[in-house]
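The structure is shown below.

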Amino acid sequence: MTMRLPNTTAPLKIGTRGSPLAMAQAYETRRRLAAAFDLPFEAFEIIVIKVMGDDRAMVAADRPLKEIGNKGLFTREIEEDLLAGKIDVAVHSMKDMPTVQPAGLILDTYLPREDVRDAFVSPSAKHITDLSEGATVGTSSLRRRAQLLNKRPDLNVVEFRGNVQTRLKKLQDGVAACTFLACAGLNRLEMTDVPATPVDPTDMLPAIAQGAIGIERRTDDSNTADMLAAIHHTETGQRLAAERQFLFTLDGSCETPIAGLATLNGSTLKLTGEVLRPDGSDAMSDTVSGDIADGPDMGMALAQTLLKRAGPGFFDWH
């Protein structure tokens, strides 16, 4: 069957959140699709969808995600529109994505992964060790909170919600001495003026799938599947298959301090995973290596190893 390509009168509709970073990711998706099929940008229409996780009142109140929902806060409305046929594909930051998609939807297309590291952002310091005792750190990430308190239990970690621009404004206003952002987001927004220092993954293991963009579609839309195959980045998919299986086996959510990173070297995949108590009082990690094709199995095995080592009651949610 011949692939049906979109055109200026019948464009492919790309759904996204409305934050500057989400828009940048949608623009990258459009650019790659247009280049792959030699089509004008007008053959792709970007549809902005408001999601609950971006509600201004909740952002302003700095309410933790665990009090108002979970990762679905950033995807639910978009996925509803995708299922209803209002959009053809949805573009997501993969670290925001639940490990299970709603019936009828599938995530099997990933763009080349950006920098996976966290960035330490402060106008006056370069590293966590530079912070004075009891300094205030702003972050909405339970993972980062637990990792920080594990290394520096003296720190005062406060909730710091909002998009990149909102959090930088809070930092400028003196709400905290520093915060953390993803290097990938800063790079995609070309924010070279931000006082950011990348943190080596050996010092702060990143979130599962950090730096990766995923494109979701309807399971029965074979034409769109064929189009997306042209821009899928195989290596990113292989890494995320291991990381997301690790997370899935741990039953990870926004209430779960979990970190993980898969890297490739030839035909070998190495996966490092970490689980922490929410208060940072305990942390454990391990690394496995094996054939790339065994990535999901390694993710499951690593998760089971850490769960067994942690024992019952390690997580508040268990």
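## Cysteines

A disulfide is a pair of cysteine sulfur atoms within 2.5 Å. The structure, a predicted model, holds zero disulfides. Cys-178 takes part in none, and its nearest cysteine sulfur, that of Cys-183, is 14 Å away. Cys-183 is likewise in no disulfide.

Cys-178 counts as buried (under 20% relative accessible area; exposed is over 50%, partly exposed in between; 1.4 Å probe, protein chains only), because its relative accessibility is 0%. Cys-183 is also buried, at 6%.

## Basis of the model

Residues are numbered from 1 along each chain as its sequence is written, and side-chain values use heavy atoms, without hydrogens and water. In this predicted model, local features need pLDDT of at least 70 and side-chain atom pairs count only at pLDDT 80 or more, while totals for chains, interfaces and linings use all residues.

## The sheet

Helices (H or I, at least four residues) and strands (E, at least two) are DSSP runs numbered from the N terminus; two strands pair if DSSP finds at least two bridges between them. Three strands form an open antiparallel sheet in the order E11-E12-E13. E11 (258-265) and E13 (283-291) each have a single partner strand, so one side of each lacks a neighbour in the sheet.

E11 pairs with E12 (residues 268-276) over eight antiparallel bridges. Ile-258 stands opposite Val-275 in E12.

## Packing helices

Axes are lines fitted to C-alpha atoms (for helices, over the stretch in contact), with angles from 0 to 180 degrees between N-to-C directions; contact means heavy atoms within 4.5 Å. Helix H5 (residues 142-151) lies across E11, E12 and E13, at about 75 degrees to E12. Helix H9 (residues 234-249) packs on the sheet, touching E11 and E12, and its direction makes about 150 degrees with that of E11.
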